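Hello,

Here is the structure I promised to pass on to you. Have a look at it first, and then read on for my notes.

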Protein chains: 2
Amino acid sequence: MKKAEEEYSFLKACQRQPTDYTPIWLMRQAGRYLREYRALRKKYSFLEMCKNPELAAEVTLQPINRFKLDAAIIFSDILIPLGPMGVKFEFAKGEGPVFHHPLRDRKEVEKLRMIEPEEDVSFLMKSIQIVRAELENQIPLIGFCGAPFTLASYIIEGGHSKNYILTKGMMYQNRSTWDVLMEKMSEVLIRYLNAQIKAGVQAVQVFDSWVGCLSPQDYKEFVLPYSKKVINGIRKKVPLIHFATSSSTLLGLMKQAGGDVIGVDWRVDIGEAWARLGYDVAIQGNLDPVVLLGPVNLIKKEVKEILHRIGGRRGHIFNLGHGILPNTPVDHVAVLIDMVHEFSSKVRPERR
Amino acid sequence: MKKAEEEYSFLKACQRQPTDYTPIWLMRQAGRYLREYRALRKKYSFLEMCKNPELAAEVTLQPINRFKLDAAIIFSDILIPLGPMGVKFEFAKGEGPVFHHPLRDRKEVEKLRMIEPEEDVSFLMKSIQIVRAELENQIPLIGFCGAPFTLASYIIEGGHSKNYILTKGMMYQNRSTWDVLMEKMSEVLIRYLNAQIKAGVQAVQVFDSWVGCLSPQDYKEFVLPYSKKVINGIRKKVPLIHFATSSSTLLGLMKQAGGDVIGVDWRVDIGEAWARLGYDVAIQGNLDPVVLLGPVNLIKKEVKEILHRIGGRRGHIFNLGHGILPNTPVDHVAVLIDMVHEFSSKVRPERR
């Protein structure tokens, strides 16, 4: 059934408007826990799937065809804009991304190229257009990018990191190089988000996945200005979700950086987090992805607990606290979505 | 110079009594950043060094001979009590601990043995006695153990873990097995701490290093009762430091579980954390270990910042937010200790 944009419960919740039930989508909802995804992955590498518009569109729609999700999110990866900037990486088996030439000095940072998303990542714009057409306005489509800090940390460390020694090393000891890198990254991400919005995404999420390794003071000094710049750089206003993990002490600063919705992980009590943030911003979260592996009774208990903490307030989007785990049973996902819709439609007096 | 126990600034700060300056010690202060430690490690494995009382005592004293630290901490590892419980593990090169037979079902949990620390880990008691004699009461000696959750997670996962899926799986799906495991672990740790105190340690730290992967609700339900049991099980009262990382949302609950001092990592503003905890408990922390790699100016700025946040209040022990990193320059450690002593002796009106 087609809908006008203003009828989408997901977009309404982002703007803290009343909805009939709490909308839900799941980070990494298109992923390895789906048989049909694994079938495609046998034939194509992860990056091949990201870069082929038809495949990316197909994968984006896989969970939508199975579940009553309230939003789709385009299948892609936060590292995609780094390729055209001149940074080479690959996904090593079971290891996550590997950068063979991590970038650590001023000269290398200066060589990074600006990108023209319509040309350099035209495949992404194409897959957004395909998905929008396929969705026939049943649910909205979310675009996304990594935040400047998280992308910079990948480039500097050469992959995931335990202690972020090299990233912090650049911040602390080569402030001007850090600023050049973050400035470039911000400009790239502004273009990247604007191009996705132009191509048709109706909301965006900024993933600052690893920023939780920083003290609040360092976040404020070295990261906040750049995240803010990216968020303020969006020309056509769509709802923006600002997400990080292990970020309970950064939430207030993340709100300062911007976003209509702050995404929180399971390490916080979502009710307390919202109270601390203030109710002039919407909130997204925060089921522990591991709970989805558990028995249905456990899922039920935890869903009720989260909805109870939200207490019927407008502006909550249900999600996991981080990406869905590969060994998650598919039927648990279906059950979760039904529960969120059912329970929230009964217990949310403020919404109606 | 010998001192009576009540004159130690470290023990006084644990009890929130006035001190002339802020005492400081560093987690993993006896470790790979020291040349003399690396020289010994060439000849002995890590576990050989833990289990040989003379070597363990020598390593414990290495940083004390170099620096004006306000406390020594016995050289050992949180996994040591697991050996006599019947759990086999080794330290694989560069990988941390590896358990070849992770323990995941009820039968295996029931087979875990109680320990008699005076016999089963007599080497630890011996090294405590040697260190106490060598220290000649110049500074106090800290003993330690892992908390029940952190040790259980190692046994169940078979080493470090990214998502703690198996540990949470047992919590959620085999509650009775989890309870048996945590009950046994708690009893072992009570005996282990009491034996260390009897052997001569003058304070203890409980490391719940990985508990930050839990939601506050899960901590409260599955972990708090056991940590509390361990802390309450100490017979001869000595100051207890209760420490975890990524634990900003758990601090209040950790205080409920117990401890004279709560140890916090760098992810929180230590002033805010203390205000939230309440001033009826002392606080330890919280320099980012990566800062110690930076230039002296940076260290100075951060030390001043932490002391400023503490604002001269009684009951602060300076420490890192986690263990010292292997590539930390030795002279930075010396500088840090001097700065903490010097700056705090000038700016702490409440103490004098």
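This is a predicted model: local features need pLDDT of at least 70, side-chain atom pairs count only at pLDDT 80 or more; totals for chains, interfaces and linings use all residues.

I'll begin with the sheet in chain B, where 7 strands form an open sheet in the order β1-β4-β5-β6-β7-β8-β9, with parallel pairing. At its edges are β1 (72-73) and β9 (316-320) of chain B, each of which pairs on one side only. Within that sheet, β6 (residues 240-243) of chain B pairs in the parallel sense with β7 (residues 261-263) of chain B over 3 bridges.

Chain A averages a pLDDT of 95, and 97% of its residues score at least 70. For the complex, the predictor gives an ipTM of 0.91 and a pTM of 0.94.

- β5 (residues 203-207) of chain A runs parallel to β6 (residues 240-243) of chain A, and 4 bridges join them. Q205(A) has I241(A) as its bridge partner in β6(A).
- β6(A) is joined in turn to β7 (residues 261-263) of chain A by 3 bridges, again with the strands running parallel. In this pair, H242(A) has I262(A) as its bridge partner in β7(A).
- β7(A) and β8 (residues 282-287) of chain A also run parallel, joined by 3 bridges. Here V261(A) stands opposite A282(A) in β8(A).

β5(A), helix α12 (residues 216-232) of chain A and β6(A) make a right-handed β-α-β unit. From β6(A) the chain then crosses through helix α13 (residues 251-257) of chain A to β7(A), and this β-α-β crossover is right-handed as well.

How are the two chains related? A rotation of 180° with 0.0 Å of shift along its axis superposes chain B on chain A, with an RMSD of 0.0 Å. The two copies are thus related as by a two-fold rotation axis. The contact takes 26 residues from chain B and 26 residues from chain A. On the side of chain B that touches chain A, α10 (165-173), α12 (216-232) and α15 (296-310) of chain B each supply at least two residues. α10(B) gives the most to that side, with 5 residues. By class, the side of chain B that touches chain A has 11 nonpolar, 10 polar and 5 charged residues. Since 100% of the interface residues of chain B are also interface residues in chain A, the copies meet through the same surface.

One last item is helix α11 (residues 175-199) of chain B. At 1.5 Å a residue, its 25 residues should span 36 Å, and its end C-alpha atoms are 36 Å apart, which agrees. After α11(B) comes G200(B), whose phi is positive, near 135°.

Best wishes

How values were computed:
Residues are numbered from 1 along each chain as its sequence is written. Chains are lettered from A and ligands numbered from 1 in the order in which they are written. Copies are superposed by least squares on the C-alpha atoms of residues with pLDDT of at least 70 in both. Two residues are in contact if their C-beta atoms, placed from the backbone, lie within 7 Å. pLDDT is the predictor's confidence in each residue, from 0 to 100. Two strands pair if DSSP finds at least two bridges between them. A crossover is right-handed if, with the strands pointing away from the viewer, the path from the first strand over the helix to the second runs clockwise. Ala, Val, Leu, Ile, Met, Phe, Trp, Tyr, Cys and Pro count as nonpolar, Asp, Glu, Lys and Arg as charged, and the others, Gly among them, as polar. The expected span of a helix is 1.5 Å times one less than its number of residues.
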